[in-house]
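Please keep the structure open while reading.

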Amino acid sequence: MRETVKTELLAPAGDFEKLKTALHFGADAVYVGGSEFSLRANAKNFSKEQLKEACGYVRERGKKIYVAVNVFAKNDDFDKLPEYLAFLQDAGVNGVIVTDPGVIEFCKKYAPVLEIHISTQANTTNKYSAKFWADQGAKRIVLARETSLAEIREIREYLPESVEIEAFVHGAMCISYSGRCLLSASLAGRSGNRGDCVQACRWEYEITEKNRKGERLPIYEDDRGTYILNSKDLNMLSHIGELIDAGIYSFKIEGRMKSQYYVASVVNAYRQAIDGFTADKNYEVPALLSEELEKNSHRDYTTGFYYGEKDSVCSDTSQPKCDWEFTALVTGYDENKGAVALQQRNRFRTGDVLEILSPDKKYFGKTLKIEKMYDENGAALDDAKLVQQTVYVPTEYKLAKGDILRKRVLK
């Protein structure tokens with residue numbers, strides 16, 4: 001048995017529905033953005049009232065919630081910051097994710113109870129910078145994605161035990177150093193450092209030579225790397241044991257802009273893997289979990305910089321791939337009808353075979369063939385084609401509210 005190490009699975013929550021999904025599938029904590037001072041301005045984010053409600057929902061379930069206040073602040077941002085930070089503290093937020101030293105000073109002054117988590121945007125890549133942030137009152141440091149496992153071990157040994165290390169384990173990576181990028185601002189007038197990134201690095205680009213109008217030139221990769229902008233997606237599912245051994249406390253999934261289905265799928269896979277590695281040092285990730293990460297929208301996978309810079313993070317396409325679609329959300333099981341209640345998310349018909357995504361291992365991965373289905377009035381249906389209509393499907397599977405059904409889509 002591996003020595004018991006407390007870890008945290010930290011999931012993105014772009015809105016309240018995704019927050020509920022993340023917790024249902026096993027997240028220990030969620031990170032969200034408020035309507036201000038967050039680097040995901042185009043996510044739905046949370047109003048103040050929604051943040052209050054979210055804090056209560058999370059607290060009732062013994063989980064935690066962190067709010068991103070990681071904007072690169074300008075002078076006039078500080079006029080509204082004291083009131084906002086005090087609000088977060090009063091609402092019951094567990095911690096704030098921050099980058100700017102000025103914002104950190106305001107946190108300590110106006111919301112001293114809030115934990116300070118240093119954002120990956122601070123690009124902490126060494127033990128001395130980590131110690132500096134710890135000395136400023138940081139409870140947690142979200143390391144730069146460019147940090148290797150060997151460096152993380154050194155950082156962990158150098159820090160006080162009370163200071164936690166958080167690191168990204170899955171999701172989109174930024175082509176710019178620790179996400180500090182001016183490409184969006186330069187090409188579209190929208191700053192990624194102010195929460196308004198258009199993801200210009202995901203656009204399709206061509207290279208032409210000035211005197212050869214219209215002639216496209218190929219881009220090659222050599223042993224020094226490649227020179228296109230789009231990055232692969234991070235996937236460390238099979239390496240969780242090594243991350244635990246390196247001293248990482250919080251395992252962070254990227255994706256506040258990702259779908260509810262994405263959150264469910266990825267959180268479920270990492271929850272099971274973390275539990276497996278924590279319990280048994282010889283644990284091997286089963287094929288079912290590895291395959292799970294192929295069933296949500298993703299680009300080619302990489303281990304990023306954890307093992308140095310040998311694994312290129314660049315991809316030859318910006319297009320994500322996924323052969324599965326979110327078909328229905330389980331809203332409960334009706335014992336009297338012997339049927340599972342579903343909220344339609346994509347069209348399905350009788351005869352379709354749907355696969356179950358559930359945190360309950362006895363159902364996860366099983367299939368459910370739609371032999372019969374009924375509407376809310378008991379009328380038989382052959383085709384669930386109305387958006388978010390309620391459908392009852394007879395089955396012995398007593399699925400829980402929040403479980404998901406999906407269908408393979410041939411492309």
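**The chain as a whole**

The model is predicted. Its protein chain contains 10 helices and 20 strands. Of its 411 residues, 54% count as buried. The chain exposes about 19,600 Å², and carbon and sulfur atoms supply 47% of that area. Among contacts in the chain with a separation of 6 or more, 68% are between residues 24 or more positions apart.

**Aromatic pairs**

A pair of aromatic rings is described by the distance of the centres and the angle of the planes. The structure holds 9 aromatic pairs. Two of the pairs are set out here.

| Pair | Centre to centre | Angle between planes | Arrangement |
|---|---|---|---|
| F16 and F46 | 6.2 Å | 45 degrees | tilted |
| F78 and F106 | 5.0 Å | 65 degrees | edge-to-face |

The pair of F16 and F46 links distant parts of the chain. F16 belongs to helix α1 (residues 16-24), while F46 is in the loop between β2 (29-33) and α2 (48-60), and the two are 30 residues apart. Both F16 and F46 are buried. Together with Y57, these two residues form one aromatic cluster.

What does the pair of F78 and F106 tie together? F78 lies in the loop between β3 (64-69) and α3 (81-91) and F106 lies in helix α4 (residues 101-110), so the pair ties together parts that are 28 residues apart in sequence. Are F78 and F106 buried or partly exposed? The relative accessibility of F78 is 19%, so F78 counts as buried, because buried means under 20%. F106 has a relative accessible area of 22%, so F106 is partly exposed.

**Charges over rings**

Y57, a member of the cluster with F16 and F46, also has a charged neighbour: the charged end of R61 sits over the Y57 ring, 3.5 Å from its centre. Elsewhere, K252 lies over the face of Y31, at 4.4 Å from the ring centre.

**The cavity**

Rolling a probe the size of a water molecule over the atoms shows where empty space is left. How many cavities of 30 Å³ or more does the structure hold? There is 1 cavity of that size. The largest cavity has about 80 Å³ of space. Its lining includes L143, A144, R145, T147 and I152, as well as F168, M173 and L234. G304, F305 and Y306 are also among the lining residues.

Conventions:
Residues numbered from 1 in each chain as written. Predicted model: local features only at pLDDT ≥ 70, side-chain atom pairs only at ≥ 80, totals over all residues. Heavy atoms only, no water. Phe/Tyr/Trp six-rings, centres within 6.5 Å; stacked < 30°, edge-to-face > 60°. Helix = DSSP H or I, 4+ residues; strand = E, 2+ residues; numbered from the N terminus. Buried < 20%, exposed > 50% of the residue type's maximum accessible area, 1.4 Å probe, protein only. Lys NZ or Arg CZ within 6 Å of the ring centre and 35° of its normal. Contact = heavy atoms within 4.5 Å. Areas by Shrake-Rupley, 256 points an atom, 1.4 Å probe, with all protein chains shown as cover. 1 Å grid on protein atoms, 1.4 Å probe; cavity = no way out; pocket = protein on both sides within 12 Å on 5 of 7 lines; lining within 4 Å. Points joined across faces, edges and corners; volume = space filled by probe spheres on them.
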